[in-house]
Amino acid sequence: MDYNMNLCGGCLTCEIACSYKHTGEFNHLVSAIEIIEREDKPGYKVRIHHDNCGDRIVCDGCIDIEGDPLCVQYCRKSDDLRTIINAFRATLRSQQKSEGYENE
Amino acid sequence: MSKENYGFTGKTLRINLTSKEIKVEDNTKYFKEWLTSSGYAAKIVYDEIKEWVTPFDPANKIIFSAGVLIGTVAPGACKMNISTIGPMTGGWATGSSDSYVAMELKHAGYDAVIVEGRSHFPCYLWITDEKVEIKDATALWGKTTWDTLDAIREELNDNKLHIVSIGPAGENLVRGASVIQDRNRGFGRCGTGAVMGSKNLKALVCKGKSPIKVANGDKFMKKAMELRNRILNASNTDKFSKYSTLGIFQKKQDMGAIPYKNCQESVFPEDTDVSMDPAPIVDKYTVAKQNFPGCPIGCGRHMEITDGPYKGLVTEGNHWEPFGTIVARCGCKEPTFMVKVSAYCNELGVDFNLAGGAIAWAMECYQRGILTKEDTDGMALEWGDEPVILEMIRKISYREGFGNILAEGCKRASDIIGRNSSYYAIHIKGQDLYECLRGSNAWALGAIVSTRGGGHTTGTCGFEQMLSVDNEKAYKILGVRNVDDPLTYEGKAEITYLYEILHRINNCTGICHQNTIYNNLDYIDIPDIAELLTYATGIELSAQDLRDIAMRQLNLEKAINARFTDFSRKDDMPTLRDQTEPMRKGKMDGWKLDMDKYNKMLDEYYTIHDWDKETAYPTRRILEKYGLDYVADELERIGKIGKE
Ligand code: SF4
Ligand code: SF4
């Protein structure tokens, strides 16, 4: 799922942090979040991997963490990334609901 | 099997471009004495390059390196280093730049690449965790760095690749050719790009998925987050994030630290003052941000110029260097020229300081009738003539006509032209200089004594020019007074010593100076780095260990220069202009360097280092203190050991 994030500076720190959270090692190319250069103009967009895709981690929204996931904690513009991740978490929840996975 | 490394990979790739031999070596044994990256590179340069080797000789070596913290979340750990024997000074040369490539190099499995020999054909290196290839770059030769990036991404079918490459300037052995990462980040100064050119090496491309491990993850992450928060919460971070180094404009104007018209005047003329402030340019034209791995500050900006002479230009380029060293130095009046000239130099792969230094020297010579149109291919070198400056940059990069002389840098150009023009060549140790050496004594001393030749990133105090330093706080953190008084000579040798340490440790580990107490007293300091390193590597390192490592490296850099150059105390002096003239115009009008006091400060500087005051050579005592007995033996053999 791709999101525009106007103030993303492409530092990839979110990628680095995500890989650490899930593997205990730094390896940004396997992270669930991927930062992509925009083609139309300077800047970056955020891709959240929600399906199995190569050796990438699948984003689980880090719901095991209370508060911000690591990707958000390490973002310079954490408010913006938080909005994206929360939006993603919401889609995740609604998908799970419709697939009957939600146990509430 | 060697034991597992944490933080650094423990592996160096050695590629000989003549024989095409590729080897992988264990570098673990160097860590405790030299750390990684530039410290390790200094050791390789010292151990392996023989005294008869000159910069463009195939026997010269060039080392691309990524520090131990690169690839982790350590704040600002994004700087890559390139080190060699360089063509600007003939001695120790090292440049660093923000980079994604450093991280990719480590994920490919290596801390460093040592490139030796000279390829028979233009080539580039494609390094991944699966293979290492020397690829044909014939089709890339002649291309700008921007086109090279596009072409390599296309050839390797991956539009996310990051590269470091040279442009026409590097290919044409322009002495001050830089290496560019992707499009806009330069390994400037020293001419490392020309050394790549001499090896027929166009670019380095890295990518990989081999993980970077840390020994004590919990503590490492906790410390990294603590430092991150400290930086984010510090006063001034927001301003620095917004304007980067350009935010210092007003302070520099107040301090008389503008090298206007080749340092003839110390400020922009008051009537253009307001419009020359580059900060509004950033506000007006920014279209996106640019940060590098780990950095909590994020000071880069992509800009789109929507009006004026450079309308249509889209590029990253909000940094002081091109503004100070070209816009101010060449007496320009259009602030957006900074963005244009930055992009142009980066495309062609030429260092801002070489371009600005040589062109401003030529403009002053033209002003004084030392050079005429007869010398300059018919061009009138009038101050501030932007099309002429751009044309000169092009001629320098292609070594065309008069550009062929300027491509040598202002010092050599003045030697070639003669006519008593050397007074106007603003350089230290042969390297063009943008730093103003009058009116800020710690800044001046650090820039002058720099082993790589004139520069403020290997031992200067960045905020001496801020005019608003909290002296008590500075004393608590640095242990020295007078940081708030740029005009005093007392305590400045000590401050220089401290920043020589900090800058070396930053370069060895990969941390950007701007994330450290170089920029802001609340930022990262040496004890913080010691903690990060200990948690990352599992090797216990104290702040004192780091200070010793940095001083060991500095002494080795001195020894490298002793082997390859004739540098001595005479080369640790300000430029003739700075020694002779008072500052002109602005609030500091009339202030002049007191050379007696300068010499006393220099004596003190040598004494702190335990170097010989007469010759500036290291003594056996200090070399042995750092375990460099073998260096002392060599210096003794060549008659360059300091008297105790
Ligand atoms: S929410 Fe968790 S899994 Fe998803 S991108 Fe962020 S850190 Fe990675
Ligand atoms: S950490 Fe934030 S600013 Fe940096 S790349 Fe990720 S989303 Fe962009």
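Modeller: First, a term. A cavity is a set of grid points where a 1.4 Å probe fits but cannot get out. Keep in mind that this is a predicted model.

Biologist: How many cavities of 30 Å³ or more are found in the whole structure?
Modeller: Seven. The largest cavity has a volume of about 140 Å³.

Biologist: Which residues lie nearest the centre of the largest cavity?
Modeller: B:K558, B:N561, B:F567, B:S568 and B:A616. The lining has 15 residues. Helix 23 of chain B, residues 543-564, gives the largest share, three residues.

Biologist: And how does that lining split by class?
Modeller: Eight nonpolar, four polar and three charged.

Biologist: Switching to pockets. What volume does the second largest pocket have?
Modeller: About 1000 Å³. Its lining counts 45 residues. Nearest the centre are A:E37, A:Y44, B:R153, B:N159 and B:H162.

Biologist: Which element gives the largest share of that lining?
Modeller: Strand 2 of chain A, with four residues.

Biologist: Where does the second largest pocket lie relative to the domains of chain B?
Modeller: Between domain 1 (11-207) and domain 2 (244-432), because both give residues to the lining.

Biologist: What classes line the second largest pocket?
Modeller: 20 charged, 14 nonpolar and eleven polar.

Biologist: Now ligand 1. Which residues surround it?
Modeller: Among them are the cysteines A:C18, A:C59, A:C62 and A:C71. A:H22 and A:D60 also belong to the shell around ligand 1. By class, that shell has seven nonpolar, two polar and one charged.

Notes:
Residues numbered from 1 in each chain as written. Chains lettered and ligands numbered in written order. Predicted model: local features only at pLDDT ≥ 70, side-chain atom pairs only at ≥ 80, totals over all residues. Heavy atoms only, no water. 1 Å grid on protein atoms, 1.4 Å probe; cavity = no way out; pocket = protein on both sides within 12 Å on 5 of 7 lines; lining within 4 Å. Points joined across faces, edges and corners; volume = space filled by probe spheres on them. Helix = DSSP H or I, 4+ residues; strand = E, 2+ residues; numbered from the N terminus. Nonpolar A, V, L, I, M, F, W, Y, C, P; charged D, E, K, R; others polar. Domains from an automatic or database assignment. Near = heavy atom within 4 Å.
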